[in-house]
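Reader: I am new to looking at protein models. Could you walk me through this one, feature by feature?

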Amino acid sequence: MRWLALSILTWAPVAAAQPGLTALTVQQTADGQTWSLTLQALVLMTLLSVLPAILLMMTAFTRIVVVLAILRQAIGTAQTPSNQVLIGLALFLTFFVMAPVFGRIQSEAVEPYLAGEIDPKTALVRAGAPLRDFMLTQTRETELQFFSDLAGIDERLTPSDVPYSVLLPAFVTSELKTAFQIGFMLFIPFLIIDLAVASVLMSMGMMMLSPLIISLPFKLMLFVMVDGWTLILGTLVASFDAA
């Protein structure tokens, strides 16, 4: 999220240079528009409030957390691991997957801006380019075309011309579709165990005993024996590399 921090820091020099301005005042200068301190604070708070949405929509977080939630449901362990554990694991795995993207933002936007080589507007444009490349790589053409049609865009757009109003929903939809595909594959082995246990219990006449009580230890044993967490996390990371 360094590019978001960069966008927040760009307001600080202007605010410090213009103390005591009237609230909600916008002045036209030779360098463009200058906002009052109060309005800048409002923009800053708005950026902080949309930070969770940015994390969900523009990174690998959505796919990872959905797959982990489906995995927990497939095993049948209810609230184990807890939501806090799943979200924390998804968050740190997101940082791992997005490390190359954040590295590009650091080298192409943050460092030149802090060195005074580029202005804030150029820094924001450069910071958005790696995220755009990442989202375009993970987004399916069908989703892009679908939202382009909804937006009334008829002409064929190049990757650099795709507006964020089209790219963001297309990216999130693609991530959800991929997450459900991976989740479906995860469900199959656990479903087979549930069916086998249910068939055995029914043949023994134990219809009042819930199959989940018997199948849960076998599913946990299978998951541990195949080193399930390593396989799942490795598959998730590889799914981004293969896109």
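**Reading the model**

Author: Happy to! Let us begin with Ile188, which has its place in helix α9. Helices (H or I, at least four residues) and strands (E, at least two) are DSSP runs, numbered from the N terminus. Please keep in mind that this is a predicted model, where local features need pLDDT of at least 70 and side-chain atom pairs count only at pLDDT 80 or more, while totals for chains, interfaces and linings use all residues. Residues are numbered from 1 along each chain as its sequence is written, and side-chain values use heavy atoms, with hydrogens and water left out.

Reader: Is Ile188 buried, partly exposed or exposed?

Author: Buried means under 20% relative accessible area, exposed over 50%, and partly exposed in between (1.4 Å probe, protein chains only). Ile188 has 34% relative accessibility, so Ile188 counts as partly exposed. The C-alpha atoms of Ile188 and Ala74 are 8.6 Å apart, although 114 residues separate the two along the chain.

Reader: And Ser148, buried or exposed?

Author: Ser148 sits in helix α8 (residues 141-150). Ser148 is buried because its relative accessible area is 10%. Contact means heavy atoms within 4.5 Å. Setting aside neighbours within four places in sequence, Ser148 is in contact with Ile153 and Val166.

Reader: How do the axes of α9 and α10 cross?

Author: Axes are lines fitted to C-alpha atoms, for helices over the stretch in contact, and angles run from 0 to 180 degrees between N-to-C directions. Here the axes of α9 (residues 164-203) and α10 (residues 211-225) come within 9 Å and cross at roughly 140°. Angles under 35 degrees count as roughly parallel, over 145 as roughly antiparallel, 65 to 115 as roughly perpendicular and the rest as oblique. Therefore α9 and α10 are oblique to each other.

Reader: Which residues of α9 and α10 meet?

Author: From α9, they include Phe190, Ile193 and Asp194; from α10, they include Leu212, Phe218 and Lys219. By class, the contact of α9 with α10 has twelve nonpolar, one polar and two charged residues. Ala, Val, Leu, Ile, Met, Phe, Trp, Tyr, Cys and Pro count as nonpolar, Asp, Glu, Lys and Arg as charged, and the others, Gly among them, as polar.

Reader: How many helices and strands does the protein have?

Author: The protein has eleven helices and two strands. From the N terminus on, the order is α-α-β-β-α-α-α-α-α-α-α-α-α. Of its 243 residues, 37% count as buried.
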